[in-house]
Amino acid sequence: MNIIVLGFNHKNTPIDIREKLFITPTQQDLLLSELKNNPAILEACVLSTCNRVEIYAHLLNEEMDLDPLLHLIFKIKNVPLNDEIRQHFYTYYGQQAIRHLLEVSAGIDSLVLGEEQILGQVKLAFERAKNFGMLSRHFNILSNVAIRTGKKARTETNINLGGLSVSWAAINKAEEILGDLKDRLILVIGAGKMSELAVGHIQNKQFKKLYLMNRTQDNAKNLAEKYGGEAVAFCDLKEILSQVDICICSAGAPHYILESEVVDRIMTLRNGKRLVFIDISMPRNIDPRVAEIKNTLLYQIDDLKEVVGSNMKLREQAKKEVQIIIDNQVAEFIKKIQKLSKADKSDGFNSHETIDYLT
């Protein structure tokens with residue numbers, strides 16, 4: 001079972017390195033194309049989120065040197081590889097690699113324990129691999145097992161009790177700072193999945209007014225119609241920031257959309273009134289130097305690790321139950337692969353051929 005995972009995550013890698021190596025969807029396509037052209041790689045999948053970048057691969061030879069895969073990531077990102085960054089990467093083989101994937105799918109390897117969004121991201125990663133012809137017999141089985149494990153963990157245990165996402169943690173952090181959101185003015189920048197999750201949590205609070213801003217204003221309007229609030233244009237950013245109490249950003253831009261110089265000028269208009277920024281973007285969309293400006297508070301993804309709800313103990317207990325599910329699913333995967341191998345031998349099939357058995 002020559003399956004490996006090579007990558008890094010939020011547990012061992014600071015945010016400034018994660019954002020440098022965050023692989024966009026276009027770059028994921030490029031990486032999959034490069035992996036497909038490698039005759040030593042039979043199947044592969046690339047998972048890139050705000051908290052991790054991982055390559056899962058089924059190798060022709062388990063003794064293959066993985067350094068070229070590492071160099072591929074840095075080549076695509078145009079970032080020099082050095083020992084300081086290299087030390088953050090981990091490699092798992094065989095059952096350990098399978099177990100790691102199932103832990104990711106189940107949400108127990110996430111920044112927010114029981115996070116729900118990661119399961120959809122895993123599913124999309126396998127679908128992208130399938131579209132590139134990199135999902136064959138072993139990874140077809142693996143993808144089904146991973147998705148089934150994620151679903152079973154969330155339906156059969158309390159791992160998803162309470163908050164389920166980084167967006168949820170962001171809103172809880174805002175409440176922790178301000179007491180509650182009652183009579184607060186809130187700006188959410190971005191209209192993607194993370195922003196929509198944040199707005200969904202805000203909707204249940206007694207806020208005073210919610211502003212929604214996005215590069216494509218129609219998307220902001222759709223979010224406003226669905227959850228309430230007012231869609232505003234980017235050209236009004238300075239005016240809105242001079243009024244609001246909280247700014248939550250998940251714009252998905254490849255650069256800072258809020259520079260420290262701009263925020264500094266805005267703060268002079270607020271007469272000393274505090275402004276809380278929460279940046280849940282990857283790469284970051286708010287200049288980290290904003291934290292140095294008087295009367296501002298800036299929180300980033302890694303700052304949300306300490307957000308703990310009253311239900312966390314129950315979810316920690318559920319984690320043990322999830323591990324039992326994972327044990328069973330790892331055993332099930334191995335059983336299916338062994339059965340597949342026996343069938344190949346009896347039929348004279350070359351197990352290194354990548355025939356697609358997808359249903």
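**Helix packing, pocket and cavity**

Modeller: This is a predicted model. Start with helix 8 (residues 166-178) and helix 9: they pack at an angle of about 45°, with their axes 8 Å apart.

Biologist: Why are helix 8 and helix 9 called oblique to each other?

Modeller: Angles under 35 degrees count as roughly parallel, and 65 to 115 as roughly perpendicular. The angle here is about 45°. Helix 8 and helix 9 are therefore oblique. Their crossing is right-handed.

Biologist: Which residues make the contact of helix 8 with helix 9?

Modeller: Helix 8 gives Val166, Ser167, Trp168 and Ile171. Helix 9 gives Met194, Leu197, Ala198, His201 and Ile202. By class, seven are nonpolar, two are polar and none is charged.

Biologist: Now the other partner. How do you know that helix 9 and helix 10 are roughly parallel?

Modeller: Helix 9 (residues 193-202) and helix 10 (residues 217-227) pack at about 25°. The cut-off for roughly parallel is under 35 degrees. Helix 9 and helix 10 are therefore roughly parallel to each other. Their axes are 11 Å apart, and helix 9 passes helix 10 in a right-handed crossing.

Biologist: What makes the contact of helix 9 with helix 10?

Modeller: Glu196, Val199 and Gly200 come from helix 9. Leu223, Lys226 and Tyr227 come from helix 10. The classes are three nonpolar, one polar and two charged. Gly counts as polar.

Biologist: Which residues line the largest cavity?

Modeller: Among them are His10, Cys50, Arg52, Glu115, Gln121 and Met194. The largest share, three residues, comes from helix 6. By class, this lining has four nonpolar, six polar and two charged residues.

Biologist: And what is the volume of the largest pocket?

Modeller: The volume of the largest pocket is about 890 Å³. Its lining has 35 residues, and the closest to the pocket centre are Phe22, Pro25, Ser48, Gln121 and Met282.

Biologist: Which elements give two or more residues to the lining of the largest pocket?

Modeller: Helix 2 (25-36), strand 2 (41-49), helix 6 (117-131) and helix 9 do. Helix 6 provides the largest share, six residues. By class, the pocket lining has 16 nonpolar, 14 polar and five charged residues.

Biologist: Back to Met282. Which bond joins methionine 282 and proline 283?

Modeller: A cis peptide bond joins methionine 282 and proline 283, with omega at about 0°. Proline 283 lies in the loop between strand 9 (275-279) and strand 10 (296-300).

Biologist: One more backbone point. What is the phi of asparagine 271?

Modeller: Phi is positive, about 55°, although asparagine 271 is not a glycine. Asparagine 271 lies in the loop between helix 12 (260-267) and strand 9.

Conventions:
Residues numbered from 1 in each chain as written. Predicted model: local features only at pLDDT ≥ 70, side-chain atom pairs only at ≥ 80, totals over all residues. Heavy atoms only, no water. Axes fitted to C-alpha atoms, helices over the stretch in contact; angles between N-to-C directions. Helix = DSSP H or I, 4+ residues; strand = E, 2+ residues; numbered from the N terminus. Parallel < 35°, antiparallel > 145°, perpendicular 65-115°, else oblique. Left-handed = near helix turned anticlockwise from the far one by under 90°. Contact = heavy atoms within 4.5 Å. 1 Å grid on protein atoms, 1.4 Å probe; cavity = no way out; pocket = protein on both sides within 12 Å on 5 of 7 lines; lining within 4 Å. Points joined across faces, edges and corners; volume = space filled by probe spheres on them.
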